[in-house]
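User: I would like to go through some local features of this structure, one question at a time.

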Amino acid sequence: MKIFIETYGCQMNVADSELVAAILEREKHRITNNISEADVIIFNTCSVREHAENRVLGRISNEMARKRHNPELKIGVIGCMAQRLGNSLFQMNKNIDFVVGVDQYKKLPEIISQAEKNNSRSNTDFNPNEIYSSIQSHHYGKFNAFVTIMRGCNNFCSYCIVPYTRGRERSRPVQDILNEIEFLGKKGFKDITLLGQNVNSYNFQKTNFAELLYLANKIDTIKRLRFVTSHPKDLSDEVIDAMANSSKVCEHLHLALQSGNDEILKKMNRGYSAEQFFQIIEHLRAKMPEIAITTDVIAGFPGETERQFEDTIELLKKIRFDYAFTFKYSPRAGTKAAEFPDHIPENIRLERLQRLIKLQENITLEKYQQQIGKTKEIYVEKISKKSKLEVSGKSRDFKITVFPGSKNLIEKFVNVKITSATGWTLRGERFD
Ligand code: SF4
């Protein structure tokens, strides 16, 4: 069977699609990039926002015409939305042939073969032990690969649906992770990102995340190591030391702040105060002066007053992140925050979001301009979109950098002296 997988949502879902591809290929199915030739279309879905779910339902309806033309075509829904809605998806759209939750991907080949016999099937059982250990994912990229080190989340931030759709935290065996990294390095992936909902709480048979970083750092088939997502409350001094002492761990960290006000952080159930977060940043910068730090911030969380919002603004000014992903709060049915009585009107949430964006744009531009004159190691990925005479790649601190060069530089690590900067891109010249 030729199988087309369409992925929505976060990096975890992208990694899961690569896992699902590997599971299906083991059973001699073929993954296709061409939806028109597919015998099976799988939607790997996201539940983080209602909008994301509606989009998928809309996409499935769009495929009705294809199914009318080819009645043998099967359509499946997997991922967080499958986990959350289960069998009710069959009622929501009669084109759906199978529904499979996040812990049941190994059953997909069997479920697809049942669907071929026109038996609609679903399996969304949680399996708290499922970690898909020893399955080598089908990595599609060329330079960067994500290696899942854990699944699930125990944190229950009050705005987040993930713990309800992905179950409790569990860590993948150390040796499986190291084998996969080594294998990927041999295949040419030199920039590896360790992936989990909260990698800092990784723990497998007494190996914690700091120890895993030290072990991964010894693998000589790769050049760079990164990780997402880090929860501030679990970012220990030991992990910061491991970052600073491991030459392959890049000088970049994404650390979600969400709010700069203690009462709001408490309502979010984040487990740290604004001051504690600031101290972590100070510690990171003391150990790694060149580290780039990016973050997530939510504007207009239920009950957020103007004064509380200004605490966030002030903290952003004090910390000066390299970049911030900013969101206006949107309620998610099934989460605790959705039940809070004091939701903020849409126009105020939007207005606060605009203020966050404007502030951060200026900071980001200044931070990028501070790079001028520095020499950075760039992992060259492609010919620049804007000019065939230029190439583009990423620095260790995750900044896109463009400089004059030809395709023979692709896959190489090149030193580049930065000569100019916009808010998103650095430009420079080779400096060998
Ligand atoms: S740490 Fe919080 S925001 Fe992240 S997945 Fe878990 S509950 Fe959601």
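The questions and answers below concern a predicted model.

User: How are helix 13 and helix 14 oriented to each other?
Analyst: Two packed helices are described by the angle between their axes and the distance between the axes. The axes of helix 13 (residues 306-319) and helix 14 (residues 346-369) come within 10 Å and cross at roughly 10 degrees. Angles under 35 degrees count as roughly parallel. Helix 13 and helix 14 are therefore roughly parallel.

User: How many nonpolar, polar and charged residues are in the contact of helix 13 with helix 14?
Analyst: From helix 13, the residues E306, F309, E310, T312, I313, L316 and K317 take part, and they meet R352, R355, L356, L359, Q360 and I363 of helix 14. By class, the contact of helix 13 with helix 14 holds six nonpolar, two polar and five charged residues.

User: Within what arc do the buried residues of helix 9 fall, seen down its axis?
Analyst: In helix 9 (residues 209-217), the buried residues are F209, A210, L212, L213, A216 and N217. They line one face of the helix, because seen down the axis of helix 9 they fall within an arc of 160 degrees.

User: Which elements are included in what covers the buried residues of helix 9?
Analyst: The buried residues in question are F209, A210, L212, L213, A216 and N217. Their cover includes helix 8 (174-187), strand 10 (191-195), strand 12 (207-208), strand 13 (224-228) and helix 10 (237-245).

User: Which residue caps the N-terminal end of helix 9?
Analyst: At this end, a side-chain oxygen lies 3.2 Å from the backbone nitrogen of A210. A210 is itself one of the buried residues of helix 9. The oxygen belongs to the capping residue, N208.

User: Is S137 buried or exposed?
Analyst: S137 sits in the loop between strand 6 (121-123) and strand 7 (144-148). Leaving aside neighbours within four places in sequence, S137 is in contact with A15, E18, L19, A22 and E180. Its relative accessible area is 15%, and the cut-off for buried is under 20%. S137 is therefore buried.

User: What is the relative accessible area of N198?
Analyst: N198 lies in the loop between strand 10 and strand 11. Not counting residues up to four places away in sequence, N198 touches M150, N155, E169, T229, S230, H231, K233 and D234. N198 is buried, and its relative accessible area is 0%.

User: How far apart in space are S201 and S171, C-alpha to C-alpha?
Analyst: S201 is placed in the loop between strand 10 and strand 11 (203-204). S201 touches M150, E169 and D234, not counting residues up to four places away in sequence. S201 and S171 are 30 residues apart in sequence, and their C-alpha to C-alpha distance is 8.8 Å.

Definitions and conventions: Residues numbered from 1 in each chain as written. Predicted model: local features only at pLDDT ≥ 70, side-chain atom pairs only at ≥ 80, totals over all residues. Heavy atoms only, no water. Axes fitted to C-alpha atoms, helices over the stretch in contact; angles between N-to-C directions. Helix = DSSP H or I, 4+ residues; strand = E, 2+ residues; numbered from the N terminus. Parallel < 35°, antiparallel > 145°, perpendicular 65-115°, else oblique. Contact = heavy atoms within 4.5 Å. Nonpolar A, V, L, I, M, F, W, Y, C, P; charged D, E, K, R; others polar. Buried < 20%, exposed > 50% of the residue type's maximum accessible area, 1.4 Å probe, protein only. Arc of directions from axis to C-beta. Polar contact = N/O pair within 3.5 Å; in protein donor to acceptor, adjacent residues only side chain to side chain.
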